[in-house]
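This report describes a two-chain model, taking its contacts, folds and selected residues in turn. Please have the sequence and the structure open while reading.

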Amino acid sequence: MSAWKPFILCLMTLVPCWGNAKTIDLYPGEGRVISDAILLAAPYDTLVLKEGVYRENSIAVDKPLVLLGEEGAIVDGQMGDEIFVIVSDDVSLENLTLKNVGVSYLKDRAAIRLNRVSNVTIRNNHLLNTFFGIYLQKSNECLVDGNTIRGAAEEESRAGNAIHIWQGNRIRVTHNTLSHHRDGIYFEFVDESYIAFNQSRDNMRYGLHFMFSNDDTYENNVFQNNGSGVAVMFSNRISMENNEFLDNWGGASYGLLLKEISDGTISGNRFQSNTVGIYAEGANRLVLSQNLLQNNGKAMDIKGNCMDNRIIENNFIGNTFEVLTNSKSNLNHFEGNYWSQYSGYDLDRDGVGDLPHRPVNLFALITDKVPAAHMLLHSFLVSSLEVAERMFPQFIPEQLIDSQPQISPYPYDFD
Amino acid sequence: MGKIIQFLATDLVKNKTIIFYLLFLWVTGFGLISLQGQSEKILLALLNISILVVPMVCLVFSIIYFYNMYEFLLLLHAQPLARSTLLVSFYTSLSLVLTGVYLLGLGLPVYFSDAGGVGLLLLLTGSLWNLIFIGLALLMAIWASDRTKGMGFSLLIWVYFVLLFDGLVLLLMYNFNEYPIEKLVLYISFLNPLDLGRILVLMQTDAAALMGYSGAVFQKVFSETWGKGLVLVLLLLWALIPFSVSIRWFNKKDL
């Protein structure tokens with residue numbers, strides 16, 4: 001009997017697509033073309049939307065279907081309610097262009113909403129001027145891949161998020177291009193998910209914003225020119241590798257903001273031209289290694305409530321301030337980084353500086369306490385104080401040193 | 001007056017110190033360009049050089065030149081010339097040559113660093129600093145007949161504007177940190193032409209975003225057209241007032 005089990009299992013999975021799976025072609029016309037077709041379709045049918053504009057919204061997808069768009073198939077929500085609401089498992093939505101979802105202050109309207117489903121695929125769609133783009137609500141094991149989502153947000157209060165996930169497990173968000181929304185990617189309570197190869201640009205608030213989301217992996221994403229950069233909060237065991245955090249420049253912008261986050265790894269990332277490269281508050285037991293921090297205002301602002309983080313083998317190049325902290329003691333470990341402001345020497349030629357480096361800048365400390373002192377930025381007084389302080393440390397935390405400063409930068413490849 | 005200016009200016013241009021000054025500016029300027037890639041970092045470095053070098057060169061060189069030309073000045077006095085004409089021509093020729101050298105010395109590096117409008121603003125501010133500190137130097141030279149005293153005080157002026165003033169401001173800010181002092185600090189910066197010019201240039205660069213809230217307060221004033229105009233007018237006043245005082249003193253002075 002046990003030998004039959006796999007066979008029966010196979011049969012069970014095949015049955016749906018065996019008997020009556022049809023392909024139905026849809027053409028634009030009067031009335032609710034797509035909704036009516038869904039009503040008539042049997043589970044596991046494929047609906048192919050032919051070229052043309054379908055003026056329709058509030059389309060409930062309540063059975064497992066494949067919706068395919070041919071080139072030029074556009075679903076126009078006419079600034080009304082949500083376009084697709086997916087409430088069935090095993091739905092797949094591909095190659096569609098969705099546009100014009102109206103702004104609402106009462107409801108988070110999205111072009112595509114997934115509500116308590118699993119195994120749904122949203123692939124290669126274009127979303128234009130939709131209030132929220134793709135909204136996953138209490139859904140698991142879904143794939144969001146290759147979508148281009150472009151908002152038309154002008155002010156933060158009237159803007160939604162491009163990909164918004166609220167409660168979910170094992171979701172894959174890959175190869176999406178997100179721009180001009182409030183947040184590019186927004187996660188709340190999303191665990192064990194994989195976020196890779198996305199491009200999040202020109203969003204009003206955060207390129208990526210997540211909270212209470214554990215065990216997630218972020219790889220090879222680009223976050224560029226977002227209002228406040230990337231914020232990650234209240235999460236554990238996060239891995240962020242080979243991402244790029246670029247050009248998040250402004251009075252309150254960060255490359256990467258870490259708040260109450262523990263046991264993660266942040267490695268191989270590039271932080272370039274941000275006001276603050278990495279801002280850490282209440283971050284514990286993180287490993288920050290092999291990152292490049294280049295041309296930032298403050299490369300790293302690590303507050304006194306951060307503990308047991310290891311900052312190793314990073315390149316700090318051309319930053320105005322290298323490390324800033326608000327505590328006199330140091331509970332983190334800096335070792336083997338390259339600091340372009342290091343002024344020591346290497347007599348034994350082993351590639352490691354003979355004197356420890358103190359990356360904390362006195363002026364950065366002063367301005368942290370007395371913000372008005374910013375007016376002295378780049379003045380001669382500040383540079384002379386700096387030199388004096390490095391020689392005889394009085395104010396900068398004495399233990400915050402890199403005892404193994406590198407003489408030349410690591411040859412990491414970031415292209 | 002024209003003839004005196006012409007004579008003094010040609011005399012100044014031949015001066016070895018001036019040529020050395022020009023070479024120094026070129027070497028540092030182009031050296032920075034070859035070391036730094038980013039145009040903004042180059043601009044900030046040029047700004048730092050201007051802050052440090054311009055006041056010192058203007059003060060020290062002008063005061064020494066005035067003392068050296070003192071006898072020539074007495075000789076000219078034998079001619080039917082107004083005293084103010086003499087001093088104005090002195091000031092004009094010094095300003096022409098020193099500002100010209102400054103513009104030539106840093107103008108070329110700025111041009112090659114692709115700094116754009118901010119670079120022009122830096123050059124304008126630097127030129128105004130030239131005018132200001134030449135005026136202050138003449139003031140010191142007329143006030144103190146004794147060379148040592150004049151030199152000493154002009155160096156003191158340099159230290160004051162470059163270091164002491166900022167130190168005092170920092171002390172003030174440290175002690176009154178609890179109060180909203182951003183506005184006050186803004187007005188205090190009017191009292192130092194170097195601070196004023198530095199903030200003006202900084203505010204046009206990306207560095208402004210580093211300055212947080214106080215930066216925002218400054219930015220309101222320093223990045224608007226009227227604000228920039230106001231700062232430039234203030235800098236002009238800084239040049240005019242010491243110089244007009246020095247004319248008054250010179251008219252009354254027992255030569």
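Two residues are in contact if their C-beta atoms, placed from the backbone, lie within 7 Å.

## Basis of the description

This is a predicted model, in which local features need pLDDT of at least 70 and side-chain atom pairs count only at pLDDT 80 or more, while totals for chains, interfaces and linings use all residues. Residues are numbered from 1 along each chain as its sequence is written, and chains are lettered from A and ligands numbered from 1 in the order in which they are written.

## B:Ala45 and its surroundings

B:Ala45 touches B:Leu32 and B:Gln36, leaving aside residues up to four places away in sequence. B:Ala45 is part of helix H3 of chain B; helices (H or I, at least four residues) and strands (E, at least two) are DSSP runs, numbered from the N terminus.

B:Ala45 is buried, having 20 other C-beta atoms within 10 Å. A residue is buried if 20 or more other C-beta atoms lie within 10 Å of its own, exposed if 12 or fewer, and partly exposed in between, with C-beta atoms placed from the backbone. Between the C-alpha atoms of B:Ala45 and B:Ala137 the separation is 26 Å, and the two residues are 92 residues apart along the chain.

## Chain B

Chain B holds eleven helices and zero strands. Its radius of gyration is 19 Å, close to the 18 Å that the globule rule gives for 255 residues, so chain B is as compact as a globular protein of that length. The radius is taken over C-alpha atoms, and the globule rule is 2.2 Å times the number of residues to the power 0.38. The C-alpha trace of chain B spans about 60 × 45 × 30 Å along its principal axes. Of the 255 residues in chain B, 43% are buried. Among contacts in chain B with a separation of 6 or more, 79% are between residues 24 or more positions apart.

## Where the chains meet

## Chain A and its sheet

Chain A has four helices and 39 strands. Its C-alpha atoms fill a box of roughly 80 × 60 × 30 Å along the principal axes, and 46% of its 415 residues are buried. Of the contacts in chain A between residues at least 6 apart in sequence, 46% join residues at least 24 apart.

Twelve strands of chain A make an open parallel sheet, ordered E4-E7-E10-E13-E16-E19-E22-E25-E28-E31-E34-E37. Strands pair if DSSP finds at least two bridges between them. E4 (59-61) and E37 (321-324) are the edge strands, each pairing on one side only.

Strands E28 (residues 254-262) and E31 (residues 276-284) of chain A are parallel and share seven bridges. A:Ile261 is opposite A:Ala283 in E31(A). Four bridges then join E31(A) to E34(A) in parallel, with A:Tyr279 partnered by A:Asp301.

E34(A) (residues 298-302) has five of its five residues buried, so the strand is largely enclosed by the rest of the structure. E34(A) also pairs with E37(A), in the parallel sense over three bridges, and A:Met300 has A:Val323 as its bridge partner.

## Two residues with positive phi

Most residues other than glycine have a negative phi. A:Asn119 has a positive phi near 60° and lies in the loop between strands E10 (110-115) and E11 (121-123) of chain A. With 15 other C-beta atoms within 10 Å, A:Asn119 is partly exposed.

A:Arg237 has a positive phi of about 50°. Its loop joins strands E25 (229-236) and E26 (239-241) of chain A, and A:Arg237 counts as partly exposed with 16 C-beta neighbours inside 10 Å.
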